[in-house]
Amino acid sequence: MLDAIDGVRLAERPYELAPSRRDDLEARGLLTPLGSADWSELERAAHRTRKSFLLDGPALHIFVVTLRCDHSCQYCQVSRAALTAQGFDMSLTDAEAALDRVFESPSPTLTIEFQGGEPALRFDLVRHIVESAVRRNAEAGRTLRFSMVSTLHHLGSDELAFCREHGIHLSTSIDGPAQLHDAQRPNPTRDAHARTLEGLARAREVLGGDGVVALPTVTRAALADPIGLVEHYRALGFRSIFLRPVSPYGFARKTKRVHGYDMDAFVGFYVRALDHILNLNAQGEPFEEIYAGILLRHILTPFHSGYVDLRSPAGAGLGVLVYNYDGQVYPSDEARMVAETGDRRLALGDVQTSLDELLDSPAMAWLRQGAVAEELPGCDRCAFVPFCGADPVYHGAIHGDPVGDRATSEFCAKHMGLFRHLFRSIADGDPTTLRTFTAWALGKSRTDIAEPGYVER
Amino acid sequence: MTGAVPLHTHARVSGVDRPEILKVLSPEEAVGSHLPPQDVLLFAEGIDGPSLTRPGDAPARVEDLRDRRVIRPGDVVRLRPGGSLVSVLYRRGSTSNTLFATERCNSLCLMCSQPPRDEDDRWRVDEMLRVISLVDREELQLGITGGEPTLLGEDLARVLDAISVYLPDTQVQILTNGRTFADAALAERLATIHRDRTVWAVPLYGDVARLHDEVVDVEGAFRETLDGLYQLGRLRARVEIRVVLHQLTIPRLAQLSAFIYRRLPFVNHVALMGLEPMGFAKTNRDRLWIDPADYQAELAAAVFHLAARGLPVSIYNLPLCVLDRRLWPFARQSISGWKNIYPPDCKDCVVRDHCAGFFASAGPTWRSRAVRPFQFEEFAA
C-alpha cells in the first residue's frame, strides 16, 4: 500500500519514487515506464482470469419452497406467511419447471439452495426436488450440490439422514446469546435459541461437527458486543462466522428505525470482531470470518472467490436465480424481497419461461445499467474496484436507479470501510495476521500455511 | 571427487567411413530387438574392458576404451571415421538425457553456461531424429536444449513429431526462452505436438522489463517472453518457469514470485536455480556472484510464497549445507550426472545422499562459505 506521500508522487512525479517502489508499481501494472510497450495483453489476461465466472452462467439456484414460517423476526427480509396459511407453498409443477431452468444453465457446477420461509416445513418438497435433480443429473453430469437455510427446529432424524445421503449443507441463523436471539427471532413458544441449539446437536450427530454453518444478523442491539458474539459462536463449537449487517431490503427496510444503523457503526463493530478473531488465530485456534476470506481472496490472489453477491458484472441473474413459491423468478434473493413489498420491477418472469428469455427480460435490461462496477460513476475511479462488485438490485431498490449514488450508498460505505481496514492490516505487515489472511484467501487451514512467504504490500 | 561419469571417451574405432549413430545392445537383448543389425553395436565385456561390434554386412568395432565406465548396453553412441572420440548421445538409466538442438540463440544471457555460436548447424536435426529412433521406447524422460531450440521452427516440429511416434509415453522437457512464441502461429504449431507430455521450461529473471532484459542482454525480451508464455498458457501447454539465482535476480526474487503467481497462475512448476559456473557465468563472475548463504531470506520468501499458493516450486543446484533448513524439502538433486560432483569433505556428510552436490566446473572461487559436512549428532536432538 502506498503512503500518502508516495501516492502524490505516483500521481504527479513518479520519477521521485524510490526505484524499488517504482519497480513494484510497474510490475503490478500501475505505472508504465516511458517508452515501454503497453501492458494491455497482460491486463486483459489478468482480467479474463478474474472474470472467468462469466463464462459459466448461473450456478446458484435458490428454491423458495414455502413462504410459511413459525418465526416472526422483525427484520425478516421476506414477508413471511403464517404457519397454517394457504397458498404460500411451491407447486410440484413449478418445482419441476424450475429444475428445467436449472439444467438449462451451462454452468459445470450447480448449487440448489432451499430457502423460505422455513423450507423444513415442506421437506417432502425438498425431497422431491433433490431426487428429481439427481435423476436429471445422471444424464447432465454436472457437479451438483445442495444446501438449505433453516432454523433446524423441524429437522428430525429422517430428514437429517436424507441430508447426509445427498450432502445437503445446512446453514442456520444464530443472532447471539439466547436473550438477544429470542428477542430478535420470536417463535410462538419463545424458545427459538434453545430449539436451534437442539437442532444443531441433532444435525451434528448425523452430519458431523462441521455439517452446519451459522451466521448472525447483526442488528443495532448486537453492535455493542462484537466479542461476545464471536465468543458465543466459539462456545457453540463453530469455527467460522459470517458477519453481515442487517439487510436494508423488503420488510427490514420498514423496521430500519428499530434495527438499523449507520454503516460506519457496522464497520466499527466488524473491525473489533475481526481483531478478536485474528487474536484467536494468533493463539493457534483456527477461526475464520467468512466475508474477510472472500475479500482477501479478491485482494491476495488473481482469482475470484465465486461469491455471487460481490461480482462485476453483478451476479444477479448471471450468477444466481431465485424461484419463488409462486412461480415467479428473480435475479437474486434480495430482488425477491424487494418484490414482496410490491416493487415488481425486478421480476424476471414466470418459471415456465425459458432461461434465455428470463435473462433477456426487461428487468435484466434495467439491472444491466448498474451491473458493471468498472463503468459506474465513482466506482470507475475507485482503487478497490478490482476486488469489489456491483449491486444493481440494492441501488435499484433503495436509490430507485440501478446505477445508484456512491455518496449515499450503504453498499459502498460498507465495502470502502472493510477494504480500507484490510489493506491497512496488510500494510502493517504483522506476520501472524498475514499468515491468517493468506490461509483465508487461499481457502486453506492455517496450519497448512507454515509461512505465507512474500506478501505484496 | 566422486561421481560424474563423462559422456565422451576415446577408443580404437574401426570399420566406419562416415559418422554413425548406433544403439549399444547386449547380445541377449539384440536377439529380441526390433532394430536391424546395421543399427546395433553388440556389447561384450572382456578382460581389457568392454568392446563393441556391429554385426552383419558392415562390421564396425570399438575397443580399448580409455574410460570403461562411459558406454553401457542400452546407450546410443556416435562414432566418427578416422577419429578416436566416442560420444554417448543417450545413456540408459540416466535422468538427464538431452538432445542438443542448435548452438544458435537469440538471447545472450549474462550467465549462459552454453554460449551460443552463430553457425549453420542444421545437421543436428537429422542427428536428433536418428537418436530418437534409437532411444529406449520405455524411456521416462528426455530433454531438448540449445541454444534456442525453437529457432529451428518447422524442424523442431519434425523432431517433436518423431518423439510422439517413437516415444509416445516419454516426458519431454524443452529449454526455451519463449520469445519466438510471441508468434502465435509458431506457438500453435510447436506446443500442440506431444502436448500433454511436454514441458516448456522458460526462464524469467525479473518482474520488470529493465531487469529481465539486462540479464538476457536483449531489449524487448521481457515483453516477448511474456507474450510467448501467454501463448503457451492459451494453448494449455505445460510450462515451467526457471529463475537463475545471482546478484541481479536476488533483489526482486520475492516480487518475481508474486508476479508469477499473479500474472502466470497457469504455470505448472517454478524452479529456482543456483548458478552454474560455466561459459559466460565465469566471464561475468563479478556481476553475478553472490554467496547463497547471503540470499536465504529472499529465497525463503519466494519459495514459501509459491508453495503456500499451490504452485509447485523446487530449488535446483544448491547443496543442502548452504540452504536454510526450512527450505530442504524443496531442494532437488538436479545436477546432471555427468557434471555432478561431491568434493572430498562431503565424504562423511550424513545428508550427502539427499544433496544436489556441486557442478564439476565449480572452482574454489564459487564456493559458499557455508559449505560443510553435516554430522549425525546435529539431527539426533
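A: B:D217 is partly exposed, with a relative accessibility of 48%. The model is predicted, so this value and those that follow are computed from predicted coordinates. The backbone at B:D217 has a phi near 60 degrees, which is positive although the residue is not glycine. Most residues other than glycine have a negative phi, and most peptide bonds are trans. In chain B, the loop that holds B:D217 runs between α5 and α6.

The size of an interface is often given as the accessible area lost when the parts come together. For chain B and chain A the buried area is about 2300 Å², with 51% of it on carbon and sulfur atoms. Between the two chains there are 12 residue pairs in polar contact, counted where both residues have pLDDT 80 or more. The interface also has four salt bridges by the rule used. In one salt bridge, the side chains of B:R262 and A:E456 come together at 3.1 Å, N to O.

A:R190 sits in the loop between α7 (178-184) and α8 (192-207) of chain A. The side of the accessibility scale is clear for A:R190: the residue is exposed, at 61% relative accessible area. A positive phi also occurs at A:G342, near 110 degrees, in the residue that follows α14(A). Helix α14 itself (residues 333-340) is mostly covered, with seven of its eight residues buried. Among the buried residues of α14(A) are the charged ones A:D333, A:E334 and A:R336, as well as A:M337 and A:V338.

Two peptide bonds of chain A are described next. The bond between A:G116 and A:G117 is cis, with omega about 15 degrees; A:G117 belongs to the loop between β2 (109-115) and α5 (123-140) of chain A. The bond from A:S312 to A:P313 is also cis, and its omega is near -5 degrees. A:P313 lies in the loop between α13 (290-300) and β10 (320-323) of chain A.

A:D94 is buried and has no salt bridge. The nearest side chain of opposite charge belongs to A:R101, at 8.6 Å, and this pair does not qualify because a salt bridge requires the nitrogen to be within 4 Å of the carboxyl oxygen. Apart from neighbours within four places in sequence, the contacts of A:D94 are A:Y325, A:D326, A:G327, A:V351 and A:Q352.

Note on methods
Residues are numbered from 1 along each chain as its sequence is written. Chains are lettered from A and ligands numbered from 1 in the order in which they are written. This is a predicted model: local features need pLDDT of at least 70, side-chain atom pairs count only at pLDDT 80 or more; totals for chains, interfaces and linings use all residues. Side-chain values use heavy atoms; hydrogens and water are left out. Buried area is the accessible area (1.4 Å probe) that two parts lose on being put together, summed over both. A polar contact is a pair of N or O atoms within 3.5 Å; within protein, one must be able to donate a hydrogen and the other to accept it, and residues adjacent in sequence count only if both atoms are side-chain atoms. Buried means under 20% relative accessible area, exposed over 50%, partly exposed in between (1.4 Å probe, protein chains only). Lys and Arg count as positive and Asp and Glu as negative; His and the chain ends are not counted. Contact means heavy atoms within 4.5 Å. Helices (H or I, at least four residues) and strands (E, at least two) are DSSP runs, numbered from the N terminus.
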